[in-house]
Amino acid sequence: MGELKRELKERILSGMSYERQLSDEELSELIDEAIRLQTESKPMRLEERLRLRKELFDSFRRLDILQELVDDPEITEIMVNGPGTVFVETGGKIGRWDKSFESREQLLDLIRQIVSRVNRIVNTASPIADARLPDGSRVHAVLEPVAIDGPVLTIRKFPERITMERLLEYGSISKEAADLLRTLAAANYNIFVSGGTGTGKTTFLNALSEFIPAGERVITIEDSAELCLPHIENLVRLETRDANAEGTGAIGIGDLIRAALRMRPDRLIIGEVRGKEALDLLQALNTGHGGFSTGHANSPKDMLIRLETMVLMAADLPLPAIRNQIASAVDILVHVARMRDRSRKVVAVEEVDRVENGEIILNPLFEFRERETPERTGCGSDAGKDQKVEGGLTRVGTLRHRGKLKLAGYTV
């Protein structure tokens, strides 16, 4: 079947005209005609013809063999480690898929097709690329010579928009903490979401963005556009651009932050800071612009240390000056984590209080406290390993800096 599919695809390509783009209906007709001619010389069962028709159409217009994985709402991540190995994440568990690509060229064609849709280039000269699918799923591709065992493709799916209401239903956050964040977001507090890989930072940022008042002018800045803010009418979405084949023309997050400041934003939402653009973000937040952002870190305190390091990548500033800028720019830190039962939860909400003796002092507002269960207290190193994590956010402090609340007319 694989060899037949390749032959028919080449036959269909040879019959195409590159002067105009074929519609889906016209492409389907070409595929049907190619299969009809094939069955005249070699009869096929109806189920084989239907399968071949779908696979051929998917290879031209969709995601080839991966399309069924993309269509499956239970799958949240697709990991292709070369043409012969595909892993998927379902319900937080990772397992190997029983199908694979027939050749390196088939996988490479798919990667180029995905990347070209967002006007980006991936080749041996520029072997790393970020992209997105039409449904908002995040795509990352790496080619040889960087990827030793063949092209690598990772797709993180966002099958449905997760609202704060859904996060409450899942037990990812308490109602008291969500209500506080709702008020702080409306009052233009600057909120930073931290966490490890796959903990749900972008999901939480998207849910948090629901609390932005509908009348504000909001500018989002991302490597690959994922955020969805349907309630904001005055919305500008910006996306970074990679360098061209000559190595010029790259536009990074820092460039977009500086450009956004000239667009009269009420609120900036930066998908993630991971480099020297952190200095541009801090300067924007310190000049009266409200904002949200995310970053990789193991705890709120670690996030502050990472911000310091990222600012030092941009400028050789004294550490006390950097810490004062961070303390002035960031009001609230929200930390999300993936628990041992693979659930994702908010585990800390902390206020950036002050700088004292050269150190940034945090004021914890909520922290996650786990309830002990009989299963967890059993003997053995694996006791309770796969048991559901019970517990929730507990208030441990009160907000100290209330100036923005008073200016906005809110109380907590």
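**Note on strand S11 and its surroundings**

1. Four bridges link strand S10 (residues 267–270) to S11, and the two strands run parallel. This is a predicted model, and the points below should be read with that in mind. Within this pairing, isoleucine 269 has phenylalanine 292 of S11 as its bridge partner.

2. S10 and S11 also belong to a β-α-β unit: together with helix H10 (residues 277–285) they make a right-handed one. When you follow the chain in the viewer, trace S10, then H10, then S11 to see this unit.

3. Which strand does S7 pair with through five bridges? S7 is joined to S11, and these two strands run parallel. Here isoleucine 191 stands opposite phenylalanine 292 in S11. Phenylalanine 292 therefore deserves a look from both sides, since two strands pair when DSSP finds at least two bridges between them: it is the partner of isoleucine 269 and it faces isoleucine 191.

4. Is S11 mostly covered or mostly open? S11 is mostly covered, with six of its seven residues buried.

5. The model has one cavity of 30 Å³ or more. The largest cavity holds about 30 Å³ of space. Its lining consists of Asn190, Ile191, Phe192, Leu285, Gly291, Phe292, Ser293 and Val330. Strand S7 (191–195) and strand S11 (290–296) are the elements that give two or more residues to this lining. S11 provides the largest share, three residues.

6. What classes of residue line the largest cavity? Five of the lining residues are nonpolar, three are polar and none is charged.

7. Helix H3 (residues 46–61) has 16 residues, which at 1.5 Å a residue should span 22 Å; the end C-alpha atoms are 22 Å apart, so the two values agree. Helix H5 (residues 104–116) has 13 residues and reaches 18 Å from its first C-alpha to its last, close to the 18 Å expected at 1.5 Å a residue.

8. Which residues of these helices are buried? In H3 they are Leu52, Glu55, Leu56, Phe57, Asp58, Ser59 and Phe60. The list for H3 includes Glu55 and Asp58, and both count as charged residues. In H5 the buried residues are Gln106, Leu107, Leu108, Leu110, Ile111, Gln113, Ile114 and Val115.

9. The bond from glutamate 144 to proline 145 is cis, with omega near 5°. Proline 145 sits in the loop between strand S5 (138–142) and strand S6 (152–156).

10. Asparagine 188 has a phi near 70°, which is a positive value in a residue other than glycine. Asparagine 188 is placed in the loop between helix H7 (175–186) and S7. Is asparagine 188 buried or partly exposed? Its relative accessible area is 24%, so it counts as partly exposed, as the class lies between the cut-offs of 20% and 50%.

11. Arginine 264 is not a glycine either, yet its phi is positive, at about 60°. Arginine 264 lies in the loop between helix H9 (253–260) and S10. With a relative accessibility of 56%, arginine 264 counts as exposed, because the cut-off for that class is over 50%.

Notes. Residues numbered from 1 in each chain as written. Predicted model: local features only at pLDDT ≥ 70, side-chain atom pairs only at ≥ 80, totals over all residues. Heavy atoms only, no water. 1 Å grid on protein atoms, 1.4 Å probe; cavity = no way out; pocket = protein on both sides within 12 Å on 5 of 7 lines; lining within 4 Å. Points joined across faces, edges and corners; volume = space filled by probe spheres on them. Expected span 1.5 Å × (residues − 1). Buried < 20%, exposed > 50% of the residue type's maximum accessible area, 1.4 Å probe, protein only. Right-handed = clockwise from strand over helix to strand, strands pointing away.
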